[in-house]
Each structure stands twice: as structure tokens, then as C-alpha cells.
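Thanks, everyone. Let me walk you through one model this morning, rings and strands in turn.

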Amino acid sequence: MSKDSITRRAFLITTASGCGAVALSALWRGAPAAAMSFGSSDGPETVTIIDFSPQGKRIGKITVPRVVKTDAEWKVQLSPISYEVTRRSGTERPYTGSTWDLHDHGIFRCICCDIAIFSSETKFDSGTGWPSFWQPIARENVAEHTDDSLGMRRTEVRCRLCDGHLGHVFDDGPRPTGMRYCMNSAAMHFVKNT
């Protein structure tokens, strides 16, 4: 065996090992929701949320069982894009969702479990192509988690009841909160006030 073939072999083994380590690291940091504890049987069996009427009136705190379903059950219930966004932490393309430019008055509810998550009263045009809000309808109805995927640190927003991925929150929004909850239309359905 020549010195050149040993050098090439060592180079290939080292390169393959390095690529594998990078891939595992990226997978761990940006693992899809199905691989994380979100939406699994881990965690509390019940959650306390704020209930709202179909007209958007605050009813009050309720404690209910967490919504936990198998991947197969979510795939039957959700459209392919809603499944990809909510259960796999995907993002719809900007300006493609059904509610990014919606100006009607009403409530945005989680597409997976139907709890109220945002009101049209806090929606604003962020110029991003995604529906944006300066606050959730009730802090108790959403959960925020650190998201280190894509080589940056962001704050992910999830539904408190079913752990469905909704989008991310940024600190470049309008008054009075200065926050921009940048959500996916595919993670919500809109109920117009009657």
C-alpha cells in the first residue's frame, strides 16, 4: 500500500466522520417536532388555558386534558401543509397562507385543537407575508421555547394544548408590546365574529 492511498483513506474517513458529526448536531438542534417531546405523552397530562366563546368573549380559566395524538392520527386530521407546519415545525412560504392579508374581525384558533390563540384586534401588517400579531389572545394559550435551528436563536411559539408549532416571536413589532408574533396561516383557522 502506498503512502498516497493511506493519506486518501485517512482523509475520506476523517471527512465522513466530520460530516456525520455535523449532520447529527444539526438534526439534534433542528429536530422535527415528532422527534421532540412536543405532542408526545411526556409532560403534564392536563393544561390550564383561557377559554373563549365563538364570538371571542373571554369565558375564563379551564383545566383540560392535553391533546396527544399519534402521527397517523394527525395526518388524517390535517392537510399536508398544516401537518408539516404544526407537527414537524415547518414554515409555509410567505404570501401563500389564507390569512396573511385577512382583515375581518374574529378569532384565530389552533388548526389542531381549536383553542383561541390570537384575535384580529392585535393583528397588523408586518410586510413579511405571514399573519402577524402584537400579542396572543391569552398568554396561557401559547408556550414559548428557544429554537436554535437554522444556525440562529429564535423564540418558537407553540399551542399550549396540543404542542402544535405556530410560528416564532420577534421583538420588532409595534406598540404597545413591541412584539411580532409571526405565525403560519396553516397552523390556524379563522372564526369570523358574528
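Start at tyrosine 95. This is a predicted model, and here tyrosine 95 comes out partly exposed, because its relative accessibility is 45%. Tryptophan 100 is partly exposed too, at 26%. How do the two rings meet? Their centres are 4.8 Å apart and their planes stand at 85°, so tyrosine 95 and tryptophan 100 make an edge-to-face pair. The structure has five aromatic pairs.

Next pair: phenylalanine 108 with phenylalanine 133. Again edge-to-face, with 5.0 Å from centre to centre and 70° between the planes. This one links distant parts of the chain. Phenylalanine 108 belongs to strand β3, phenylalanine 133 to strand β6, and 25 residues separate them. Buried or exposed? Phenylalanine 108 is buried, with 0% relative accessible area. Phenylalanine 133 is buried as well, also at 0%.

Both rings belong to one aromatic cluster: Phe108, Phe118, Phe133, Tyr181 and Phe190.

Now the sheets. One is open and has three strands, in the order β4-β3-β11, with antiparallel pairing. Its edges are β4, 116-119, and β11, 188-192. Neighbouring strands here are turned by 30° against each other on average, direction ignored. β3, residues 106-110, pairs with β4 over three bridges. Within that pairing, isoleucine 107 is bridged to serine 119.

The other open sheet has six strands: β5-β6-β10-β9-β8-β7, antiparallel. β5, 123-124, and β7, 142-147, are the edge strands, each pairing on one side only. β5 and β6 are joined by two bridges. Lysine 123 has phenylalanine 133 as its bridge partner in β6.

Which residue in β10 partners phenylalanine 133? Tyrosine 181. β6, residues 132-133, and β10 share two bridges, antiparallel. Then β9, residues 165-170, meets β10 over four bridges.

In β10 both faces are covered. Arg180 and Cys182 are buried on one side, Tyr181 and Met183 on the other.

Last stop, tryptophan 74. What sits over the ring of tryptophan 74? The charged end of lysine 69 does, 5.0 Å from the ring centre. Arginine 87 lies over the face of tryptophan 74 too, at 4.1 Å from the centre.

That's the tour.

Definitions and conventions. Residues numbered from 1 in each chain as written. Predicted model: local features only at pLDDT ≥ 70, side-chain atom pairs only at ≥ 80, totals over all residues. Heavy atoms only, no water. Buried < 20%, exposed > 50% of the residue type's maximum accessible area, 1.4 Å probe, protein only. Pairing = 2+ DSSP bridges. Axes fitted to C-alpha atoms, helices over the stretch in contact; angles between N-to-C directions. Phe/Tyr/Trp six-rings, centres within 6.5 Å; stacked < 30°, edge-to-face > 60°. Lys NZ or Arg CZ within 6 Å of the ring centre and 35° of its normal.
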